[in-house]
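Dear colleague,

Please read the notes with the coordinates open beside them.

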Amino acid sequence: MSQLIPNKANLLIKNADVIVTMDDDRRELVNASILIKNGKIEKIGNLDDLSAFDIDEVIDAEGAIITPGLVNTHHHLYQSLTRAVPAGQDALLFGWLQSLYPIWAKFEPDDMFISAQLGLAELALSGCTMSSDHLYLFPNGVKLEDTIEAAKTIGIRFHPTRGAMSVGESDGGLPPDLLVEKEDDIVKDFIRVVDQFHDHDANAMVKVGLAPCSPFSVTTELMKEAADLAQDKGVMLHTHLAENDEDVAYSLEKFGCSPGQYAEDLGWTGDHVWHAHCVKLTGQEIDLFARTKTGVAHCPCSNCRLGSGIAPVRQMRDAGVKVALGVDGSASNDGGHLLSEARQSMLLQRVQNGADAMSARETLEIATRGGAEVLGRLDQLGSLEVGKRADLAIWDVSSIEAAGSWDPVAALVLCGPFQVRDLLVDGRFTVREGGLVNHSLENIVSNAQIRVKRLMDLF
């Protein structure tokens, strides 16, 4: 397995056209530089006197914009091997899931590792320095650590969540019985993965969360137990909620209440909780999430692909709900590119609420600072400030995508480029001059194609 390249003791990134800090004042620094020491931002701005520092390496950022690293708050990395599958291409959420469950049931540990590696490589090349993942099926010996090991080979921060499905078709649930687990086994593995892999340090590269898949695939008892365990272990909670009309109808029929009310009743609100999608949240539920500081992972491309609708992001933001972006699984997107997700989010809010409903800068804030806040990492990440960790993206705005743009910051969302030039995580290069540093992209793609062929040959 590839090892991360060590931090340079003192790294100077100089002459950036603009540094988009995303600090509390949302400052944008023109013709500015960043001094990084042992992975931490030591100085930022117009740096003239650096005589007290022995600079180990200087990176010229002329013609480039620097932003905080983008943050992905919802993904199903295993789905990277099932993009554009013919079955379910034109189905709504439930039908789409039922079409793909048989394929996912054939996954092996190598499939999980390679699929996660592929998805995380794609995210890194799109400027992502931190990603969550929601893995809720464990066929044929698959374990959560298959994805954790994959993240180490790419070099971005990782927040995997141990998902679960326990209510199969025979019990009135959606997933096939062969993909559900016994709840006692699920809880035991919840405890195992948190104890073994979760790092409580503020600068952690790996944090683990608990994530029963959805209210339609686990029991009320497991939802409650997961909530209690998360509180006891000091970890975060994640699930799907109010994704589409089918989802809401299921909640009303089975539980006699809305998804938001169900979440509140079971202890699934609070600043340690974030829910994916929330397309169908009511005004009352939005107020609940704002009051309890519950986060939302907004997945606009997947919501479009599955015909789920347009999430009320403008209303959430105005009410004070913490909102971040998620690419969702690559079988329902079918990509994993965060700036594209940001652009889609902005466009959908404008379609729904008018051309002035969301600016390019606001959606860039959601993609950076917003993600760090939802994942509980804003104290060290999400903005470029002295004392914070050096998780940042350098974007070349001298290429054809941005040519002719008058506002280079807005152009990142409106025009591109959509591939990062350099990406630093904790002061280490993960992407340099447009290429992965820690692993061969060619090998990742080749291995993925081999595993896809294996799966296709089974059907």
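What volume does the second largest pocket have? The second largest pocket has a volume of about 160 Å³.

Please bear in mind that this is a predicted model, in which local features need pLDDT of at least 70 and side-chain atom pairs count only at pLDDT 80 or more, whereas totals for chains, interfaces and linings use all residues. Residues are numbered from 1 along each chain as its sequence is written, and side-chain values use heavy atoms, with hydrogens and water left out.

Pockets

A pocket here is an open set of points on a 1 Å grid over the protein atoms alone, where a 1.4 Å probe fits, with protein on both sides within 12 Å along at least five of seven lines; lining residues have an atom within 4 Å of a point. A volume is the space filled by probe spheres set on the points.

The second largest pocket is lined by 13 residues, with Lys-207, Met-236, Leu-375, Gly-376 and Arg-377 nearest its centre. Its lining divides into five nonpolar, five polar and three charged residues (Ala, Val, Leu, Ile, Met, Phe, Trp, Tyr, Cys and Pro count as nonpolar, Asp, Glu, Lys and Arg as charged, and the others, Gly among them, as polar).

The largest pocket holds about 340 Å³ of space, and of its 16 lining residues Leu-81, Arg-83, Val-85, Val-452 and Met-456 are the closest to its centre. Helix α14 (residues 441–457) gives the largest share of that lining, six residues, and by class the lining has 12 nonpolar, three polar and one charged.

Helix contacts

Helices are DSSP runs (H or I, at least four residues), numbered from the N terminus; axes are lines fitted to C-alpha atoms over the stretch in contact, and angles run from 0 to 180 degrees between N-to-C directions.

Helix α14 also meets helix α2 (residues 109–125), the two axes coming within 9 Å and crossing at roughly 140°.

Best regards

Conventions. Helices (H or I, at least four residues) and strands (E, at least two) are DSSP runs, numbered from the N terminus.
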